[in-house]
Amino acid sequence: MLTKPKSFSPYVPKPATLVGKSKLSDFVTLFTFAFDDGRILAHRPGQFIMLSIFGVGEAPFSVSSPPTKQSGNFELAVRRTGTLTEALHRLEVGAKVGVRGPYGSFFPIQKFVGQDTLFIAGGLGYIPLRSLLHYQLRHRDEFGRIVVLIGTRNPKERIFVDQLAEISARGDVEVLETVDQPDPAWTGNVGVITTLLPKVEMDPSQTYVAMVGPPIMYRFVISECRDMGIRGERIYVSLERKMKCGLGKCGHCQINGLSTCVDGPVFAYTDIETLEEAI
Amino acid sequence: MTAYCLHMEQLPPLMAWWRKEYDVYVPVAAEGGHYDFAPWREGTEIAFDYDLAYNTLKRYFLPPSEDLLTFDLASYEAQAVFEDPKQILFGVHPYDVRAVNQLDQLMEAGAPDRNYMARREATVVMAMEPQRVADTAFWSTIGADVVSHGYDLHFTRISPANFMVEVGSVKGEELLLARGPLPAATAGDREAARKAHQKVMDLSRSNRLNFDWRHTPKLMEKGWNAGVWREKAELCLACGSCNVVCPTCYCFNVSEEADETLKTGRRFREWDGCMLVNFATVAGGHNFRTKALERYRHRYMRKGKYISDKIGELGCVGCGRCVRACTARIANPREVFNALWEDQANAD
């Protein structure tokens with residue numbers, strides 16, 4: 001039965017150090033980490049890690065930076081929302097954390113090569129999508145059109161604002177944003193994210209959709225993508241659930257019979273469309 | 001399969017011998033007319049004819065609370081914690097062996113859970129043919145009356161003073177013969193064992209499924225919107241008792257605490273239950289199964305379909321513990337499965 005020495009445990013995190021911290025909005029901060037032993041995370045876009053703050057706990061976070069072969073640094077963008085994320089926000093650069101992973105499925109980049117990509121991010125959904133987007137930007141000539149749709153509740157909650165302005169200014173990426181609740185300074189689109197879809201014309205036969213957002217968004221947006229003629233197997237979504245082990249054991253992240261931590265978090269829509277609990 | 005004959009009087013000396021090296025747990029009469037497993041001591045009265053052990057055996061492999069690691073807050077070094085006490089579980093009924101076999105498969109699949117496996121490998125399972133059937137049990141009707149593997153020895157009482165003991169592993173045989181040779185089982189002994197099995201199967205006729213249990217996954221699949229979920233879940237207190245007593249429920253939560261010096265600490269897991277209200281709550285407070293109905297149905301889907309999809313047998317072994325533990329009297333898998341069957345038979 002046992003194939004590795006008993007001293008190996010998949011529950012043991014590796015020490016990493018917080019090497020950078022920058023505020024993205026009132027509640028969201030970008031954290032940059034490096035493993036203490038110099039290892040590279042070697043994740044793929046869409047995967048997550050289990051982050052530990054000893055004495056507080058452990059939770060899953062999607063990696064927001066693209067994979068890298070050169071540097072071990074990786075980024076998480078995290079909203080202050082509970083005990084662990086509160087403790088994370090209090091950490092100063094130089095502080096240590098524990099990291100397990102990367103875990104889970106990922107966006108199938110090879111399928112996206114030579115194809116157009118429609119990114120659809122609702123709220124903090126841009127965080128995991130950013131990993132894929134930045135990978136594509138680094139290998140820009142391998143991919144066709146790149147269209148990024150971002151919906152945020154209000155302008156104050158927008159994240160990566162400057163970076164997105166730079167990306168938009170490149171000329172080879174279309175970025176469209178909308179907010180639900182505009183402030184007086186907002187001159188852009190107002191409304192839920194589906195109001196952006198009529199503004200983009202994609203060739204459904206060569207478009208892949210990468211979508212991350214709150215559950216309510218999926219229901220409406222997937223239906224509209226299908227109306228645009230994009231087939232289910234070309235629509236990829238990342239689903240969020242509570243995860244305690246990351247190994248498909250603890251049961252918390254189950255969607256019907258699937259475990260989000262090992263079968264997901266990235267699913268082709270065709271893999272989940274018959275699952276009653278998915279979206 | 002090799003089998004020996006063991007006289008009742010030979011058992012206590014063997015137990016005493018085993019106890020030198022192992023913690024030996026046996027079925028005993030417990031409070032309130034129940035039975036439970038307890039450590040064997042010289043003079044312990046073993047309840048050979050127990051109907052059902054109130055608690056499940058999963059606690060010997062997946063304790064209610066178990067350390068996974070210790071950590072150092074300064075260096076952020078973490079050490080895995082493994083506990084593997086040598087233990088013998090004596091007198092395990094076949095449906096409970098089956099439950100352990102399921103846990104073995106599920107905990108080993110993918111990234112193996114080495115804490116579970118370390119305990120499992122240090123454990124000797126000595127199965128025993130039941131002599132009585134709990135009034136809430138229905139294992140005989142879902143094919144969980146026999147088990148082909150997962151035990152080191154299998155005892156069948158073939159007369160008031162004799163057991164036939166089938167060997168399931170080399171380790172089991174060594175333990176059985178530790179105090180000297182035993183006579184091989186005769187054809188007559190085997191026939192007596194067969195009759196003992198038949199006798200208990202006859203006793204178990206009252207609690208039956210109304211259909212072949214192999215249809216269950218299909219029934220579950222089609223029964224997502226069945227009335228039985230609402231009808232039962234309306235009374236559900238969402239207390240999680242059914243999770244706790246279920247031999248195949250293994251969900252857990254992970255927590256940790258620093259010690260009083262704030263220099264070191266431990267991370268541990270504890271049993272959790274999918275019936276509890278916050279089981280599927282994520283950061284920010286969104287709960288993917290807010291209603292008792294959704295959680296109740298999920299639990300049954302796991303037993304009747306999801307686990308079956310993974311390993312090819314029902315995730316319910318028909319022990320009937322949940323039926324006893326449920327204060328609202330709604331946790332009877334046999335009733336749920338039968339209701340789905342009636343529903344769909346009427347619909348067809």
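Modeller: Happy to. Across the interface of chain A and chain B, 23 residue pairs are in polar contact, with both partners at pLDDT 80 or more; please keep in mind that this is a predicted model. On the side of chain A that touches chain B, S3, S4 and strand S6 (96–103) of chain A supply at least two residues each. The most comes from S6(A), which gives three residues. By kind, the residues of that side of chain A divide into 16 nonpolar, 13 polar and 11 charged.

The contact draws 40 residues from chain A and 52 residues from chain B. The size of an interface is often given as the accessible area lost when the parts come together. Here the area buried between chain A and chain B is about 4000 Å², and carbon and sulfur atoms give 57% of that.

Now to the charged pairs. Two salt bridges are found across the interface of chain A and chain B. A:Glu58 and B:Arg267 meet through their side chains in a salt bridge, at 3.2 Å from N to O. For context, a search of the whole structure gives 35 salt bridges over all chains.

Within chain B, B:Arg269 forms a salt bridge with B:Glu66, and their closest N and O atoms are 3.0 Å apart. B:Arg269 lies in strand S11 (residues 264–271) of chain B and B:Glu66 in strand S4 (residues 65–72) of chain B, so this pair ties together parts that are 203 residues apart in sequence. Both B:Arg269 and B:Glu66 are buried. They also belong to a network of salt bridges that links B:Glu66, B:Glu83, B:Asp113, B:Arg119 and B:Arg269.

Chain A has pairs of its own. The side chains of A:Asp37 and A:Arg39 form a salt bridge at 3.0 Å, N to O, and A:Arg39 is partly exposed, with a relative accessible area of 36%. A:Asp172 and A:Arg170 meet in another salt bridge, at 2.9 Å from N to O. A:Asp172 is partly exposed at 29% relative accessible area, and A:Arg170 is partly exposed at 40%.

Lastly, a word on the packing behind the strands of chain A. Helix H1 (residues 83–90) of chain A has A:Leu84, A:Thr85, A:Ala87, A:Leu88 and A:His89 as its buried residues. These buried residues pack against strands S1 (14–23), S2 (28–35), S3 (48–53), S4 (57–62) and S5 (74–79) of chain A.

Note on methods
Residues numbered from 1 in each chain as written. Chains lettered and ligands numbered in written order. Predicted model: local features only at pLDDT ≥ 70, side-chain atom pairs only at ≥ 80, totals over all residues. Heavy atoms only, no water. Buried < 20%, exposed > 50% of the residue type's maximum accessible area, 1.4 Å probe, protein only. Helix = DSSP H or I, 4+ residues; strand = E, 2+ residues; numbered from the N terminus. Contact = heavy atoms within 4.5 Å. Buried area = accessible area lost by both parts, 1.4 Å probe. Salt bridge = Lys/Arg side-chain N within 4 Å of Asp/Glu carboxyl O. Polar contact = N/O pair within 3.5 Å; in protein donor to acceptor, adjacent residues only side chain to side chain. Nonpolar A, V, L, I, M, F, W, Y, C, P; charged D, E, K, R; others polar.
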